[in-house]
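This report starts from the fold and ends at one site. The sequence and structure come first.

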Amino acid sequence: QVQLVESGGGLVQPGGSLRLSCAASGFTFSIYDMSWYRQAPGKERELVAGITNYGATNYADSVKGRFTISRDNAKNLVHLQMNSVKPEDAAVYYCYASRLRAGVRYDYWGQGTQVTVSS
């Protein structure tokens, strides 16, 4: 059974830091690209950061220089280190696993973890 379980969300003050984690199970984690998405109330889900199976990263312009995505293939974990958090970072953050094989995309979503930014 495939599972992506996010943790680490909560309340953070503007300018503060938070570290999200996603624990994966039920599939071969190391061959999947992993991403973090977020969705704020009334807005579409958007890509925050991604890391390929070989470690290449990409970030939304809005989080470049503040957020860092990383993965631990030995522990089937992916992290999102959030620094200098802004009020506009408040959202539900989702972990996403994807793999493209022979033209077919295999993907999975986590349930999400809430990040609230408030002083």
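What share of the contacts in the protein chain with a separation of 6 or more comes from residues 24 or more positions apart? The share is 54%. The model is predicted.

**Fold and overall form**

The protein chain has 11 strands and 0 helices. From the N terminus on, its elements run β-β-β-β-β-β-β-β-β-β-β. The radius of gyration is 14 Å, close to the 14 Å from the globule rule for 119 residues, so the chain is as compact as a globular protein of that length. Along the principal axes, the C-alpha atoms fill a box of roughly 45 × 25 × 25 Å.

**Surface and charge**

The table collects values for the whole protein chain.

| Property of the protein chain | Value |
|---|---|
| Buried share of the 119 residues | 39% |
| Distance between the mean positions of positive and negative charges | 5 Å |

The charges number 12 positive and 9 negative.

**The site at A97**

A97 lies in strand β9, which spans residues 91-101. Is A97 buried or exposed? Its relative accessible area is 0%. Buried means under 20%, so A97 counts as buried.

Leaving out residues up to four places away in sequence, A97 touches L4, F27, Y32, D33, M34, Y106, D107 and Y108. E44 gives a distance reference. A97 and E44 are 53 residues apart in sequence. Their C-alpha atoms are 19 Å apart in space.

How values were computed: Residues are numbered from 1 along each chain as its sequence is written. This is a predicted model: local features need pLDDT of at least 70, side-chain atom pairs count only at pLDDT 80 or more; totals for chains, interfaces and linings use all residues. Side-chain values use heavy atoms; hydrogens and water are left out. Helices (H or I, at least four residues) and strands (E, at least two) are DSSP runs, numbered from the N terminus. The radius of gyration is taken over C-alpha atoms; the globule rule is 2.2 Å times the number of residues to the power 0.38. Buried means under 20% relative accessible area, exposed over 50%, partly exposed in between (1.4 Å probe, protein chains only). Contact means heavy atoms within 4.5 Å. Lys and Arg count as positive and Asp and Glu as negative; His and the chain ends are not counted. The place of a charge is taken as NZ of Lys, CZ of Arg, CG of Asp or CD of Glu.
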